[in-house]
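Here's a report to read with the model open beside you. Take it slowly, and look up each residue as it comes along.

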Amino acid sequence: MFSFSGRPRKAAQEFAMTRNAAAAAIALLMTTSSLAIAAETSPTVGVAPPSAADLKSLTDMRVGIVKAALQLTPDQEKYWPAIEDAIRARAKNRQARLERIAELHENGPMDGMHEGNPVEFMQRRADRLIQRGTDLKKLADAWEPLYKTLSDDQKRRMAFVSFAVMRSVRNAIEQRGGPEDEDE
């Protein structure tokens, strides 16, 4: 299958560039995921929580990595702003939860229970879980129109990036020893 047109060589070069871009994106994503997970670590273990600017920078990097990994076409670009808005809104709400966790640890972990009755505690917890679910639903809804337009190659890259993120989050949760849905 040797061709003088250069097509096999061009296809091999495009594949190598795509593979290299995906590998670079995953490496950066895994690095930033570790930093974000460190943000969830209790201040009592000697790790200062990241600043709002640090968390914004992490969000900016994640958005850039995902977009770069997908290599969107001009027609697909029109779907991106809704996705980016949903990612940023979810990150903003996550930052608020992290700030609340830091407050709870400063006051003592049981302080939230002593302020009210257990039913009020469960209601506050349910409200926070509903907010997380709402944020995730908005993100999924924002992704849906773009996902329908992705090529098989783009879908593979998206799946790979998603898998890498989920794996690093799962590993961080296991290291912390907490349940997966632990917020506060």
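Let's start with a term: accessible area is the surface that a probe of 1.4 Å can reach, worked out here by the Shrake-Rupley method. On that basis, the chain in this predicted model exposes about 12100 Å², and carbon and sulfur atoms supply 59% of that area. Of the chain's 184 residues, 28% count as buried.

**The overall layout**

What does the secondary structure come to? Seven helices and zero strands. If you follow the sequence along, the pattern reads α-α-α-α-α-α-α. Now take the contacts between residues at least 6 apart in sequence: 81% of them join residues at least 24 apart.

**A pair of rings**

Search the whole structure for aromatic pairs and you find one. The ring centres of W80 and W143 are 5.9 Å apart, and the ring planes stand at 80°, so this pair is edge-to-face; the cut-off for that label is an angle over 60 degrees.

**Along helix α6**

At its start, a side-chain oxygen of N117 comes to within 2.9 Å of the backbone nitrogen of V119. Further on, α6 has a kink of about 35° at W143, shortly before the proline P145.

Which residues of α6 are buried? They are R125, R128, D135, L139, A142, W143 and L146. Here's a handy idea for looking at such a list: an α-helix has 3.6 residues a turn, so residues three or four places apart point the same way.

Next, look at helix α7 (residues 152-176), which holds R157. A polar atom of the R157 side chain lies 2.8 Å from the backbone oxygen of L70. R157 has a relative accessibility of 7%, so R157 counts as buried.

V161 is also in α7, while I65 is in α2. Both are buried: V161 has a relative accessible area of 9%, and I65 is at 4%.

| Pair | Apart in sequence | C-alpha to C-alpha |
|---|---|---|
| I65 and V161 | 96 residues | 8.9 Å |
| V161 and V66 | 95 residues | 7.3 Å |

Finally, find Q71 in the loop between α2 (52-70) and α3 (74-77). For background, most residues other than glycine have a negative phi. And how accessible is Q71? At 36% relative accessibility, Q71 counts as partly exposed, because that class lies between the 20% and 50% limits.

Methods: Residues are numbered from 1 along each chain as its sequence is written. This is a predicted model: local features need pLDDT of at least 70, side-chain atom pairs count only at pLDDT 80 or more; totals for chains, interfaces and linings use all residues. Side-chain values use heavy atoms; hydrogens and water are left out. Rings of Phe, Tyr and Trp (its six-membered ring) pair if their centres lie within 6.5 Å; planes under 30 degrees apart count as stacked, over 60 as edge-to-face and the rest as tilted. The bend at a residue is the angle between axes fitted to the seven residues ending there and the seven starting there. Helices (H or I, at least four residues) and strands (E, at least two) are DSSP runs, numbered from the N terminus. Buried means under 20% relative accessible area, exposed over 50%, partly exposed in between (1.4 Å probe, protein chains only). A polar contact is a pair of N or O atoms within 3.5 Å; within protein, one must be able to donate a hydrogen and the other to accept it, and residues adjacent in sequence count only if both atoms are side-chain atoms. Contact means heavy atoms within 4.5 Å.
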